[in-house]
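This report goes through a few local features of one protein model. Please look at the sequence and the structure before reading on.

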Amino acid sequence: MDETITWYQSLIKPFWAPPSWVFGPAWTFLYIIIAGTFGTVFYKVATKKLPLIVALPFALNLIFNFAFSPIQFGLRNNILASLDILLTLGTLIWALLAIWPHARWITYANVPYLLWVCFATCLQLTVTYLNR
């Protein structure tokens, strides 16, 4: 793990990149929101209160979200990590639009997640550009 930390610390980052310790608390807070809201969507689909298609972008978002760290820190591939974060952002926007007509509170509850993913996307694209 030390090698991975050293690798990430060696990357050129923009002046506005937050310190590494910010990511743990931020993601803890966001995963609580994600667990509650995404869990609600999957429960409503399972109990036939929502159409199955509404859950698709939520499921894809989880896949792309969970794939980011192994791509970024395991493979150490900034280009694939950039593609992954763009897919995370795209599926999140799709998910929030898909759930809006059914449960607007889920869209509102995920605004912090959306803002963080927008920020993370800008950060990842910048890190990828700076380290090309």
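## The salt bridge

The model is predicted. A search of the whole structure turns up one salt bridge. Its partners are R76 and E3, and their closest N and O atoms are 3.3 Å apart. Side chains of opposite charge can pair when their charged atoms come close.

R76 lies in the loop between helix 3 and helix 4, while E3 belongs to helix 1 (residues 2-10), so the pair ties together parts that are 73 residues apart in sequence. E3 counts as exposed, at 57% relative accessibility. R76 is partly exposed, with a relative accessible area of 30%.

Most residues other than glycine have a negative phi. R76 is not a glycine, yet its phi is positive, at about 55°.

Where is K48 placed? K48 sits in the loop between helix 2 (23-46) and helix 3 (52-75). K48 is exposed, with a relative accessible area of 73%, whereas R76 counts as partly exposed at 30%.

## Helix 4 against helix 6

Two packed helices are described by the angle between their axes and the distance between the axes. For helix 4 (residues 78-99) and helix 6 (residues 111-130), the axes come within 9 Å and cross at roughly 160°. Angles over 145 degrees count as roughly antiparallel, and therefore helix 4 is roughly antiparallel to helix 6. The crossing of the two helices is left-handed.

Which residues of helix 4 and helix 6 make the contact? Helix 4 contributes N78, I79, A81, S82, I85, L86, T88, L89, L92, I93 and L96. From helix 6 come Y113, L114, V117, C118, A120, T121, Q124, L125, V127 and T128. Sorted by class, this contact has 15 nonpolar residues, six polar residues and no charged residues.

## Summary

Definitions and conventions: Residues are numbered from 1 along each chain as its sequence is written. This is a predicted model: local features need pLDDT of at least 70, side-chain atom pairs count only at pLDDT 80 or more; totals for chains, interfaces and linings use all residues. Side-chain values use heavy atoms; hydrogens and water are left out. Axes are lines fitted to C-alpha atoms, for helices over the stretch in contact, and angles run from 0 to 180 degrees between N-to-C directions. Helices (H or I, at least four residues) and strands (E, at least two) are DSSP runs, numbered from the N terminus. Angles under 35 degrees count as roughly parallel, over 145 as roughly antiparallel, 65 to 115 as roughly perpendicular and the rest as oblique. A crossing is left-handed if the near helix is turned anticlockwise from the far one by less than a right angle, and right-handed if clockwise. Contact means heavy atoms within 4.5 Å. Ala, Val, Leu, Ile, Met, Phe, Trp, Tyr, Cys and Pro count as nonpolar, Asp, Glu, Lys and Arg as charged, and the others, Gly among them, as polar. Buried means under 20% relative accessible area, exposed over 50%, partly exposed in between (1.4 Å probe, protein chains only). A salt bridge is a side-chain nitrogen of Lys or Arg within 4 Å of a carboxyl oxygen of Asp or Glu.
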